[in-house]
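Subject: Structure handover

Hello,

Here is the structure for you to look at.

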Amino acid sequence: MSPRAGNPGTTPHTLAFVESPVQLLNVLEWAHARGPRPQEEPGAGFTLVVLSPTDPMSRGQLRRMAELARQEGHEVRWEEARGGPAAPFQTIGGLARELRRADRIVMGDPFSRYVQLLLTITRAHDLVVVDDGTATMEFVGQLARGERLVRWHRKGGRPGPRDLLFAPVSSSARRRLTPGPARRVEVFSSMPMTDAPDGVSVTSHTFAWTRERFGPPRVTNGADMVGTSLVETGVVDGDRYLHAVGVLARTHGAARYFAHRRESTEKLHRLAVETGLEVVRPDLPLELIARRGPVGRTVLSFPSTVVHTLPLALAGTDVRVAVCDIDPAWLTRNASPRAQSFLSGVTGTARGVDRLARVATA
């Protein structure tokens with residue numbers, strides 16, 4: 001894949017910015033749900049810009065997802081947005097013209113500093129936020145309350161020097177994401193939205209594109225387990241997490257553990273040794289992996305995005321999604337004061353899942 005794939009020089013009607021495989025999947029879902037406008041070919045005027053991360057697993061999944069986007073007829077532009085100290089300036093400078101001309105911006109992560117910087121350049125009057133997992137719930141809530149945009153696992157912490165330096169840009173982005181007479185804001189989400197601000201339209205994300213393109217899967221006996229990066233983000237203690245995974249695997253007969261793309265190699269190696277689970281590093285977002293199959297009759301998860309998305313992606317199959325709550329004792333000393341209530345809310349608002357008893361740890 002060339003660093004700048006697609007057809008340079010075209011003036012896009014819509015620019016979409018993604019930084020993760022799940023965001024790219026959800027942009028494809030949004031484009032599918034929207035459909036072509038009258039007198040418009042499918043994919044016309046739509047450019048998908050990948051602001052590539054540095055970790056190999058995310059990059060690999062993004063390359064696979066980019067190929068799927070091209071097969072759908074979309075133009076894909078790959079930006080090495082983090083390829084050295086000068087990369088952000090080169091990326092933003094190279095996108096400035098398109099940003100000023102675009103009349104719609106689609107983004108997967110309004111908390112991203114990169115995206116917030118790009119929002120200060122655009123004149124677009126139509127802004128769309130597609131799901132970036134459970135963070136979308138927090139974004140909508142913060143927008144409704146007029147709060148600064150802060151990721152849930154950092155909320156309650158003291159702003160660092162970089163936060164203070166970036167505060168004007170973040171404030172500007174929040175203002176631009178607030179609907180007004182000349183600005184439309186849409187949230188395309190599979191998450192429950194109970195407090196969307198006035199003027200923000202919420203469109204239901206049902207994974208229709210995923211179900212049409214993949215599956216139905218072959219369903220096997222036994223269970224699969226979905227990993228989480230709560231240890232890596234400093235929310236949950238690693239020893240307690242590994243103990244809980246082992247208990248759940250033994251109780252439900254799980255054989256495979258689908259790793260989150262941010263889980264550390266060291267933790268996954270220890271998990272495989274201590275629990276006997278086969279660790280699988282998916283090459284696509286889990287919703288596509290599960291839909292293609294094979295998949296266990298039961299999918300076990302801790303509170304995460306998949307307790308909302310997998311029941312939709314696997315609709316019409318015999319797969320049961322079961323979620324195990326996080327015991328407050330698992331939280332680290334540095335976990336945000338918001339962590340427990342947010343994680344409980346993720347589980348409590350999930351539809352079509354079974355609730356499992358918490359795993360007690362010493």
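Predicted model: local features only at pLDDT ≥ 70, side-chain atom pairs only at ≥ 80, totals over all residues.

**Helix packing and sheet**

Residues are numbered from 1 along each chain as its sequence is written, and side-chain values use heavy atoms, with hydrogens and water left out.

First, the α1/α2 pair. Helix α1 covers residues 21-34 and helix α2 covers residues 56-71; their axes come within 8 Å and cross at roughly 15 degrees. Axes here are lines fitted to C-alpha atoms, for helices over the stretch in contact, and angles run from 0 to 180 degrees between N-to-C directions. Helices (H or I, at least four residues) and strands (E, at least two) are DSSP runs, numbered from the N terminus. The α1/α2 crossing is left-handed. That term applies if the near helix is turned anticlockwise from the far one by less than a right angle, and right-handed applies if clockwise.

From α1, Pro21, Leu24, Leu25 and Leu28 meet Ser58, Gln61, Leu62, Met65, Ala66 and Ala69 of α2. Contact means heavy atoms within 4.5 Å. By class, the α1/α2 contact has eight nonpolar, two polar and no charged residues. Ala, Val, Leu, Ile, Met, Phe, Trp, Tyr, Cys and Pro count as nonpolar, Asp, Glu, Lys and Arg as charged, and the others, Gly among them, as polar.

Next, the sheet. Seven strands form an open sheet with parallel pairing, in the order β3-β2-β1-β4-β5-β6-β7. At the edges are β3 (75-79) and β7 (200-204), each pairing on one side only. Neighbouring strands of this sheet are turned by 20 degrees against each other on average, direction ignored. Two strands pair if DSSP finds at least two bridges between them.

β6 (residues 184-189) pairs with β7 in the parallel sense over five bridges. Phenylalanine 188 has threonine 203 in β7 as its bridge partner. β5 and β6 also run parallel, joined by five bridges. There, leucine 127 has valine 185 in β6 as its bridge partner.

Two helices to check against the sheet: α2 lies across β2 (46-51) and β3, running at about 160 degrees to β3. Helix α5 (residues 135-145) packs on the sheet and touches β5 (126-130), β6 and β7; its direction makes about 150 degrees with that of β6.

**Burial**

Of the 11 residues of α5, nine are buried, so α5 is largely enclosed by the rest of the structure. Buried means under 20% relative accessible area, exposed over 50%, and partly exposed in between (1.4 Å probe, protein chains only). The buried residues of α5 are Ala135, Thr136, Met137, Glu138, Phe139, Val140, Gly141, Gln142 and Leu143. Glycine 146 follows α5, and its phi is positive, near 70 degrees. β6 is likewise largely enclosed by the rest of the structure, because five of its six residues are buried.

**The α8/α9 pair**

Helix α8 (residues 238-252) and helix α9 (residues 265-275) pack at an angle of about 40 degrees, with axes 10 Å apart. α8 is therefore oblique to α9. The crossing of α8 and α9 is right-handed. Asp239, Tyr241, Leu242, Val245 and Gly246 in α8 meet Lys267, Arg270, Leu271, Glu274 and Thr275 in α9. By class, this contact has four nonpolar, two polar and four charged residues.

Leucine 271 lies in α9. At 0% relative accessibility, leucine 271 counts as buried. Leaving aside neighbours within four places in sequence, leucine 271 is in contact with Tyr241, Leu242, Val245, Tyr257, Gly276, Leu277 and Val279. Leucine 271 and tyrosine 241 are 30 residues apart in sequence and 9.5 Å apart in space, C-alpha to C-alpha.

**Whole chain**

The secondary structure of the protein chain comes to 12 helices and 13 strands. Buried residues make up 54% of its 362 residues. Among contacts in the chain with a separation of 6 or more, 71% are between residues 24 or more positions apart.

Best wishes

Note on methods
Parallel < 35°, antiparallel > 145°, perpendicular 65-115°, else oblique.
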